[in-house]
Amino acid sequence: MYHLRDVVKTREAEGISFRLRVPSLQIAMGEKIALTGESGCGKSTMLDMLAFILKPSAIGAFRFRPEGDNEPLDIGAYWQAGKLDQLGNLRKRHLGYVIQTGGLLPYLTVRDNMNLCRNVLGLKRDGTVEHLAAELGIANHLNKLPDALSTGERQRVAIGRALAHKPSIVIADEPTASLDPYTAHKIMTHFIGLVDELNITVILASHAWGHIKKLGLRQLHHRTVRRANKNLTETMVSG
Amino acid sequence: MGIPLIKTFVLASRDYLHEWQMSFCFVIALAAVLGPMLVLFGLKFGIVGAMVDQLVEDPRNREIRPVSSGHYDHGWLDSVRSRPDVAFLVPRTRSIAATIELASERSPRNVRVELIPSAGGDPTLPPGQVPEGVTRIVLSESTAKKLQVGAGDTVDGSVARQFRNQRERVHLPLTVTAVAPAQAFSRDGAFVSVTLLEALEDFRDGRAVPRMGWAGDQATGVRSFPSFRLYARSIYDVAELANAFADLGVDVHTHAADIERVQRMNGNLTAIYWAIAVIGLFGFSFSLAANLWANVDRKRKELSVLRLVGFRTLDIAWFPIVQAFYTAVLGWTLAVGLYQAVAWIINKMMASELEQGQRVCWLLPDHYAIALALTCAAAVISAGLAGLRSARVEPSESLREL
């Protein structure tokens, strides 16, 4: 599904640099991948690149094959040519993204937030959202605005939104980071159960490997090196 | 494949309504700049417009009078009348012969009035109020009041002469066809046909007037007139006509100086207005652009979510454009409401200084439409540019702020 080789993202701020290097990464369809590590090690940067919302600084090869039979798409060429709308189309059709902070639109009800991706794709309302809401335990909040929900409930809505249009891949950036361990475990179990049920590829970032390794996810290798004299932190991810 | 515009429209509308307090602030901010500009333009348009209207509409400003007596025959008068810049021309008889004594059954007093030559198209008289023949006249308001008569009444007109050492007086019944407004002639007077004036002058000069049955000497020679009543086509023709008369050796009195003064004032006020308006327009545009730009910047994180779920650059740009359009229309509506209220107060305060139906502060429907179009254009351009800028930013930059 993903093939990355020598992909680099460098960020600089106030004289301090961070570099994420991906010498080689392959993700197959249906895989459940976990990217773990402490805060600031580049997990979100990695996920953003995989979600085509962050342009890599250098690309050896970056290919994406959304469907099994199709030719892989050259994401590097898309970025090079500035084809942001084509990348948007890929996200729309094939990706669901659970943001760490929820990322719900405050002016839409829970139902409409969960329906957002389906609505954008022009999918009819067929009860999927209501079914997902029931699975996630938020069925009685469907007509509320996000403001009226707790943090945990908002995260469940975000998960529901990422799954409602049945994408081929879901990327989740620490979806339970702001929750207490009990709720976090409950929501994560629900989440993995749902992607299993829908046969969706998952790439998940978390700083707590402890409670996700039980869920059977493959962990990506990474190594973070801090070079104090050069003010550079470098993380290498492979797998 | 883009997102149908209606979806962007619905989302933008829901966001606009959800943040109604913020939206209201933007609307107020826009109205606070646009409202005073409308009042300023309304005042300029009303005051200068009223002055120009007064100049244009008051026929007295178009009148051209010879300074001294001359000898103008029908041929000369016809040639002047044929000029395209002449709207109305009738000859005047000698003023000493252009009087008559009027009496009515309702009034105990006789009134001696001046006779003013008139004809169809007389700009000082309302349309349709035309003296005709030798029996139908139009009275000035003061004369009608003194004689206690109105349109349709008949008055007795009489003139006297000393002829062959005998004093003679003739009477003729005159029908009042209308009473002229006070501004047409403020003294005691009557608008009469040139025919009647000629008859009266002939009678006074001892000449016979067969059509009236008045005996006298036979007329000899070609009739000439000492003066005339002339009105230019418009105030803008007065100066040129005055020059033409000067070329013909006729000194004339005009209101050209008054016209020039008002035109100069109009020019000065217009220049001052435009100076203020241009500064105001820049201020307004920058204020609107800054507001909308700031709003789009504030919305970047939500726009990033839309970008994340597949909204394209143009779809994203439409989002703030729709909201800016709402702000522009609502701000314009509020500004027009403010303007209407202020204009009503100003016009009410100045009502005693103005004539019926006159206003100091007013705008044409076209002005409202232009203001709306400019506001919408400025809003849409500002928001569109800000939206495009926002849409081009990588969504990951603002995504985690929400």
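Trainee: Over how many bridges do β3(B) and strand β11 of chain B pair, and in which sense?
Mentor: This is a predicted model, to begin with. In it, β3(B) and β11 (residues 227–232) of chain B pair over six bridges, in the antiparallel sense. One pair to look at is F88(B), whose bridge partner in β11(B) is Y231(B).

Trainee: What sheet do they belong to, and in what order do the strands come?
Mentor: An open sheet of four strands, in the order β3-β11-β1-β12 (chain B), with antiparallel pairing. β3 (86–92) and β12 (252–253) of chain B are at the edges with a single partner strand each, so one side of each has no neighbour in the sheet.

Trainee: What holds strands together in general?
Mentor: Strands of a sheet pair through backbone hydrogen bonds, parallel or antiparallel.

Trainee: And which helices lie across β11 of chain B?
Mentor: Helix α3 (residues 74–81) of chain B lies across β3 and β11 of chain B, at about 165 degrees to β3(B). Helix α6 (residues 235–247) of chain B lies across β1 (63–66), β11 and β12 of chain B, and runs at about 20 degrees to β1(B).

Trainee: Next, the barrel. Which strands of chain B make it?
Mentor: Six strands form a closed barrel, running β4-β5-β9-β6-β8-β7 (chain B), and the pairing is mixed. From one strand to the next the twist averages 45 degrees.

Trainee: How many bridges are there between β7 and β8 of chain B?
Mentor: β7 (residues 154–163) and β8 (residues 166–179) of chain B pair over 10 bridges, in the antiparallel sense. Within that pairing, Q162(B) has R167(B) in β8(B) as its bridge partner.

Trainee: Now the whole chains. How many helices and strands does each have?
Mentor: Chain B has 11 helices and 12 strands. Chain A has seven helices and 11 strands. Of the 402 residues in chain B, 35% are buried; in chain A, buried residues make up 44% of 239.

Trainee: What share of the contacts in each chain is between residues 24 or more positions apart?
Mentor: Taking contacts with a separation of 6 or more, it is 80% in chain B and 71% in chain A.

Trainee: How many residues are in contact between the two chains?
Mentor: On the chain B side 21 residues, in contact with 23 residues of chain A. The elements of chain B that give two or more residues to that side are α1 (5–18), α8 (300–308) and α11 (396–399). By type, the chain B side divides into nine nonpolar, four polar and eight charged residues.

Trainee: Is R91(A) buried or exposed, and why?
Mentor: Buried, because R91(A) has 25 C-beta neighbours inside 10 Å, and the cut-off for buried is 20 or more.

Trainee: Switching to α7(A): what span should its 18 residues have?
Mentor: At 1.5 Å a residue, helix α7 (residues 181–198) of chain A should span 26 Å; its end C-alpha atoms are 25 Å apart, which agrees.

Trainee: Which residues of α7(A) are buried?
Mentor: A184(A), I187(A), M188(A), F191(A) and V195(A). They cover an arc of only 100 degrees around the axis, which puts them on the same side of α7(A). Y182(A), G193(A) and E197(A), on the other side of α7(A), are exposed.

Trainee: Why does spacing like that work in a helix?
Mentor: An α-helix has 3.6 residues a turn, so residues three or four places apart point the same way.

Trainee: What covers the buried residues of α7(A)?
Mentor: The cover includes α6 (151–164), β7 (169–173) and β8 (201–206) of chain A. After α7(A) comes N199(A), with a positive phi, near 55 degrees.

Trainee: Last one. What stands opposite R63(A)?
Mentor: H3(A) stands opposite R63(A) in β4(A), and R63(A) stands opposite D74(A) in β5(A). The strands β1 (residues 2–13) and β4 (residues 58–64) of chain A run antiparallel and are joined by six bridges. β4(A) and β5 (residues 73–74) of chain A pair over two bridges, in the antiparallel sense.

Notes
Residues numbered from 1 in each chain as written. Chains lettered and ligands numbered in written order. Predicted model: local features only at pLDDT ≥ 70, side-chain atom pairs only at ≥ 80, totals over all residues. Expected span 1.5 Å × (residues − 1). Buried ≥ 20, exposed ≤ 12 C-beta atoms within 10 Å, placed from the backbone. Arc of directions from axis to C-beta. Contact = placed C-beta atoms within 7 Å. Nonpolar A, V, L, I, M, F, W, Y, C, P; charged D, E, K, R; others polar. Pairing = 2+ DSSP bridges. Axes fitted to C-alpha atoms, helices over the stretch in contact; angles between N-to-C directions.
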